[in-house]
Amino acid sequence: FQIFDAFKPRLHDSNSKVNQVALETMHRMIPLLKDSLSPVINMLIPAIVDNNLNSKNPGIYTAATNVIQALCQHLDTSLLLQPFCTKAHFLNGKAKQDLTEKLA
C-alpha cells in the first residue's frame, strides 16, 4: 500500500512526461505482481483511467491502453469487473468506449 500510495499521484501528474513514464512503469510492473495487485486495484484503476484514456497526448493514451490490456491479461478478471463497470458508468468519450469494449 505504501508504495502505491506514493506511486498513484504520478499517474495523475500534470507533467505529461512524468505521467507517461508512470504508466509505462505500471505496464511493466503488472506481469511481475499479477494478482498481488488485488488489494490496490480499486485505487489504481481510477488513477489509470480518469484522465489518461481521454488524453489528447498519443503517448499517454497508448500507455494507458497498454496498462488496461496488461491488467486484463495478468489479473483475475473478476477483480476488474466492478472497478471497470464503475468507471465506465461515469466516463465519456473515447475512454467510455474503450472501457466498455474491455468489459464486453
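A residue is called buried when its relative accessible area is under 20%, exposed when that area is over 50%, and partly exposed in between. Lysine 34 counts as partly exposed because its relative accessibility is 41%. In this predicted model, lysine 34 lies in the loop that joins α2 and α3, and, once its neighbours within four places in sequence are left aside, it is in contact with His74 and Leu75.

The next loop to visit is the one between α3 and α4, where asparagine 52 has its place. Asparagine 52 counts as buried, because its relative accessibility is 2%. Its side chain reaches the backbone oxygen of alanine 47 at 3.3 Å, and, leaving aside neighbours within four places in sequence, the residues in contact with asparagine 52 are Leu11, Asn19, Leu23, Ala47, Ile60, Tyr61 and Ala64.

The largest nonpolar core holds 33 residues, of which Phe4, Met26, Ile48 and Leu71 touch the most other members. Two or more residues of this core come from each of α1 (2–7), α2 (16–33), α3 (41–49), α4 (58–74), α5 (77–90) and α6 (93–103), and α4 gives the most, with 8 residues. Phenylalanine 4 shows what such contacts look like in detail: not counting residues up to four places away in sequence, phenylalanine 4 touches Met26, Met29, Leu33, Leu37, Val40, Met43 and Leu44.

Technical notes:
Residues numbered from 1 in each chain as written. Predicted model: local features only at pLDDT ≥ 70, side-chain atom pairs only at ≥ 80, totals over all residues. Heavy atoms only, no water. Core = buried A, V, L, I, M, F, W, Y, C linked by side-chain atoms within 4.5 Å. Buried < 20%, exposed > 50% of the residue type's maximum accessible area, 1.4 Å probe, protein only. Helix = DSSP H or I, 4+ residues; strand = E, 2+ residues; numbered from the N terminus. Contact = heavy atoms within 4.5 Å. Polar contact = N/O pair within 3.5 Å; in protein donor to acceptor, adjacent residues only side chain to side chain.
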